[in-house]
Amino acid sequence: MITIRVLYANGRPADHATVTIESTYHQESMTALTNHEGIVKINLHPNEYDIFIDDKLLKRSYLGCVGNTMLLK
(Lines give C-alpha, C1' and ligand atoms only; values in the text may rest on other atoms or scores of the structure.)
Protein backbone atom coordinates (compact mmCIF):
# COMPACT_ATOMS: atom_id res chain seq x y z
CA MET A 1 0.00 0.00 0.00
CA ILE A 2 1.34 3.43 -1.00
CA THR A 3 0.11 6.58 0.77
CA ILE A 4 0.50 9.92 -1.02
CA ARG A 5 -0.35 13.40 0.28
CA VAL A 6 -1.04 16.07 -2.34
CA LEU A 7 -0.67 19.72 -1.33
CA TYR A 8 -1.00 23.01 -3.17
CA ALA A 9 2.03 25.32 -3.06
CA ASN A 10 0.40 27.29 -0.21
CA GLY A 11 0.24 24.11 1.92
CA ARG A 12 -3.51 23.51 1.51
CA PRO A 13 -4.54 19.89 0.91
CA ALA A 14 -5.63 19.15 -2.66
CA ASP A 15 -8.94 17.46 -1.94
CA HIS A 16 -10.65 15.43 -4.67
CA ALA A 17 -7.58 15.47 -6.91
CA THR A 18 -7.24 12.54 -9.28
CA VAL A 19 -3.95 10.72 -8.67
CA THR A 20 -2.68 8.13 -11.14
CA ILE A 21 0.56 6.26 -10.69
CA GLU A 22 2.05 4.14 -13.46
CA SER A 23 4.96 1.78 -12.88
CA THR A 24 8.04 2.44 -14.97
CA TYR A 25 9.07 -1.24 -14.74
CA HIS A 26 5.84 -3.24 -14.80
CA GLN A 27 2.53 -2.74 -16.50
CA GLU A 28 0.83 -1.63 -13.30
CA SER A 29 -1.17 1.52 -12.78
CA MET A 30 -3.91 2.70 -10.48
CA THR A 31 -6.04 5.81 -10.12
CA ALA A 32 -7.73 7.17 -6.99
CA LEU A 33 -9.13 10.43 -5.59
CA THR A 34 -7.59 12.27 -2.64
CA ASN A 35 -9.71 12.77 0.45
CA HIS A 36 -10.40 16.12 2.18
CA GLU A 37 -6.87 15.99 3.70
CA GLY A 38 -5.27 15.52 0.27
CA ILE A 39 -4.40 11.90 1.04
CA VAL A 40 -4.81 8.92 -1.24
CA LYS A 41 -3.99 5.26 -0.57
CA ILE A 42 -3.10 3.12 -3.56
CA ASN A 43 -2.84 -0.65 -3.37
CA LEU A 44 0.47 -1.11 -5.21
CA HIS A 45 3.94 -2.04 -3.98
CA PRO A 46 6.72 0.53 -3.47
CA ASN A 47 8.54 1.12 -6.76
CA GLU A 48 9.44 3.83 -9.26
CA TYR A 49 6.31 5.43 -10.74
CA ASP A 50 5.22 8.21 -13.06
CA ILE A 51 2.86 10.33 -10.97
CA PHE A 52 -0.03 12.12 -12.64
CA ILE A 53 -2.26 14.60 -10.83
CA ASP A 54 -5.48 15.48 -12.66
CA ASP A 55 -4.08 13.85 -15.83
CA LYS A 56 -0.87 15.97 -15.86
CA LEU A 57 2.50 14.32 -15.34
CA LEU A 58 3.92 15.71 -12.10
CA LYS A 59 7.15 13.71 -11.91
CA ARG A 60 8.83 10.31 -11.94
CA SER A 61 9.83 9.20 -8.47
CA TYR A 62 10.33 6.24 -6.17
CA LEU A 63 7.28 5.87 -3.95
CA GLY A 64 7.60 4.05 -0.65
CA CYS A 65 4.78 3.02 1.65
CA VAL A 66 4.61 6.36 3.52
CA GLY A 67 6.15 9.83 3.44
CA ASN A 68 5.20 10.63 -0.15
CA THR A 69 4.20 14.30 -0.46
CA MET A 70 3.52 15.89 -3.84
CA LEU A 71 3.41 19.69 -4.19
CA LEU A 72 1.30 21.20 -6.95
CA LYS A 73 2.59 24.39 -8.48
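Strands are DSSP runs of E with at least two residues, numbered from the N terminus. The model is predicted, so local features need pLDDT of at least 70, side-chain atom pairs count only at pLDDT 80 or more, and totals for chains, interfaces and linings use all residues. Residues are numbered from 1 along each chain as its sequence is written, and side-chain values use heavy atoms, with hydrogens and water left out.

**Stop 1: the sheet.** Select S3, S2, S5 and S6, which in that order form an open sheet of 4 strands with antiparallel pairing. Strand S3 (29-33) and strand S6 (56-63) are at the edges with a single partner strand each, so one side of each has no neighbour in the sheet. Two strands count as paired if DSSP finds at least two bridges between them.

**Stop 2: aspartate 50.** Go to strand S5 (residues 47-53) and pick aspartate 50. Is aspartate 50 buried or exposed? Aspartate 50 counts as buried because its relative accessibility is 14% (buried is under 20%, exposed over 50%, partly exposed in between, with a 1.4 Å probe and protein chains only). Now show arginine 60: its side chain makes a polar contact of 2.7 Å with that of aspartate 50 (a pair of N or O atoms within 3.5 Å; within protein, one must be able to donate a hydrogen and the other to accept it, and residues adjacent in sequence count only if both atoms are side-chain atoms).

**Stop 3: glutamate 48.** Stay in strand S5 and select glutamate 48, which is partly exposed because its relative accessibility is 24%. Its side chain has a polar contact of 3.0 Å with the side chain of threonine 24.
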